[in-house]
Amino acid sequence: MTALGNPPPPKDHRAALAQYRHRAPHYDRELAMFEPCRRAAIASLALKCGDVVLDVGCGTGLSLALLVEGVGARGHIIGIEQCPEMIERGRRCVLRQGWRNVTLIEASAEAAKIAGTADAALFHFTHDILCDPLALGNVTRSLRPGAHVVACGLQWASPWAWPLNLLVLSAALHSVSSLDGLDRPWRGLAGHIDNLRVDTMMAGAVYLASGEMPRPPGLRRDAPSAETAHEDS
């Protein structure tokens, strides 16, 4: 299993909650420029018809349509979101679309009670959750061996790319409760998954980390776990 050091300390849920309650009315517009990243992250999940997928920190439900398309009518999506204003918008979306295979849980990722075992988990722009060991432990315990895990979000670009890092700083200041861990935001997740791969998008301002939950020794793939880095755009 990959290990990249100790993750930052867990974040203050109250600070994060206050931040997202304030952002709820215009959250969808704020994330519009990152929609290509969302599509790439969901494509990396390699969902199959009938899969159960966790949308961790699902916000207003912006990922739900693509996830429903990926798992089909026989699959199921479980969205987890602690902000009441955010998840209410998600519930309205579910009702409007008539999705019967979407369950939304209003709780922090740390405290959410997740029934059953899921085949995949998505963390899209959920920096605070990825920095919280208790949240990651709760989510990954609900994933089957071999389940696909994908995380995507802001990161510091190369030090010389200071104009780009100004953009990252501007976006991060009103979307995370701390700038800690933006050098390698996937660091905490790396201790839970195998076959870690880290790609970059938007000239390095966004990362896309993917891997899978460890399999029992007899079912492990031959290839060893490793971190790789690639520039996609």
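Me: Which residues of helix 7 are buried?
Reply: The model is predicted, so local features need pLDDT of at least 70 and side-chain atom pairs pLDDT 80 or more, while totals for chains, interfaces and linings use all residues. Residues are numbered from 1 along each chain as its sequence is written, and side-chain values use heavy atoms, with hydrogens and water left out. Helix 7 spans residues 133-140 and is mostly covered, 6 of its 8 residues being buried (under 20% relative accessible area, 1.4 Å probe, protein chains only; helices are DSSP runs of H or I with at least four residues, strands of E with at least two, numbered from the N terminus). The buried residues are Ala135, Leu136, Gly137, Asn138, Val139 and Thr140.

Me: Which helices and strands do the buried residues of helix 7 pack against?
Reply: Packing is judged here by contact, meaning heavy atoms within 4.5 Å. The partners are strand 1 (52-56), strand 4 (118-124), helix 6 (127-130), strand 5 (143-154) and helix 9 (187-190).

Me: Is histidine 127 buried or exposed, and which residues does it contact beyond its neighbours within four places in sequence?
Reply: Histidine 127 has its place in helix 6, and with a relative accessible area of 8% it is buried. Leaving aside neighbours within four places in sequence, histidine 127 is in contact with Val176, Ser178, Asp180, Gly181, Leu182 and Pro185.

Me: What percentage of the residues in the protein chain is buried?
Reply: The protein chain holds 9 helices and 8 strands. Of its 233 residues, the buried ones make up 53%.

How values were computed. Buried means under 20% relative accessible area, exposed over 50%, partly exposed in between (1.4 Å probe, protein chains only).
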